[in-house]
Amino acid sequence: MDQLFAPWRMAYIDGADKQEGCIFCDFPKANEDRKRLILARGELVFVILNAFPYNPGHLMVAPFRHEGDYENLKDEECLEMHRFGQRCVAVLKEAMNPQGFNMGINIGKTAGAGFAGHVHLHIVPRWNGDTNFMPVIAGTKVLPASLQETWESLKKVWEAHDRRR
Ligand SMILES: [Zn+2]
């Protein structure tokens, strides 16, 4: 199914879409976290807002290291990836008040991985009345908030969490 036109996609179309290679390797190296929608950096992993979100606030956690096979992640990478997954849930709860979450890793293009060469964990906030998960994955969806606005609001909450730790 084709994506509908939506204004928040323009930044992606203008920039990231033309990019070849691996976004999970190239975006952190660019050192322009705001533009690239990188929300937070850990020691081994980072958090980025999905530019083709299934719902507003759709986040992804990926290791900095280019690794396509989930079973080959190192223990420390697994641990930090899931710790950051917990942080994402906490931050999204506070910032967007979702009623549920889907979390998961698509392994291989057949399973829906857009970037199958680099493992990443999806965190998708859910609200009553949004569509159920499979149609969300398969389909087209227009989202009300721009990606940049979502990034700004999540960034504020993430930094507030950092200060409380
Ligand atoms: Zn990569």
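This is a predicted model: local features need pLDDT of at least 70, side-chain atom pairs count only at pLDDT 80 or more; totals for chains, interfaces and linings use all residues.
Asn 97 lies in the loop between helix 4 and strand 4 (100–104).

**Loop residues with positive phi**
- Asn 97 is not a glycine, yet its phi is positive, at about 50°.
- Asn 97 counts as exposed because 9 other C-beta atoms lie within 10 Å, and a residue is exposed at 12 or fewer.
- Asn 31, which is likewise not a glycine, has a positive phi of about 55°.
- Asn 31 belongs to the loop between helix 2 and helix 3 (33–36).
- Asn 31 is exposed, since it has 9 C-beta neighbours inside 10 Å.

- Helix 6 consists of 18 residues, 147–164, and spans 26 Å from its first C-alpha to its last, close to the 26 Å expected.
- Its buried residues include Leu 147, Thr 150, Trp 151, Leu 154 and Trp 158.
- These residues lie on the same side of helix 6 because they cover an arc of only 95° around the axis.
- In an α-helix there are 3.6 residues a turn, so residues three or four places apart point the same way.
- Glu 149, Glu 152, Ala 160, Arg 163 and Arg 164 are exposed on the other side of helix 6.

**The largest nonpolar core**
- This core has 29 residues, and those with the most contacts inside it are Leu 39, Val 47, Ile 48, Leu 59, Val 61 and Cys 88.
- Among the elements that give two or more residues to the core are helix 2 (23–30), helix 4 (75–96), strand 5 (121–126) and helix 6.
- Leaving aside residues up to four places away in sequence, Val 61 touches Val 45, Val 47, Met 81, Phe 84, Gly 85, Cys 88, His 120 and Leu 121.

Terms used. Residues are numbered from 1 along each chain as its sequence is written. Helices (H or I, at least four residues) and strands (E, at least two) are DSSP runs, numbered from the N terminus. The expected span of a helix is 1.5 Å times one less than its number of residues. A residue is buried if 20 or more other C-beta atoms lie within 10 Å of its own, exposed if 12 or fewer, and partly exposed in between; C-beta atoms are placed from the backbone. The arc is that of the directions from the helix axis to the C-beta atoms. A nonpolar core is a set of buried Ala, Val, Leu, Ile, Met, Phe, Trp, Tyr and Cys residues joined through C-beta atoms within 7 Å. Two residues are in contact if their C-beta atoms, placed from the backbone, lie within 7 Å.
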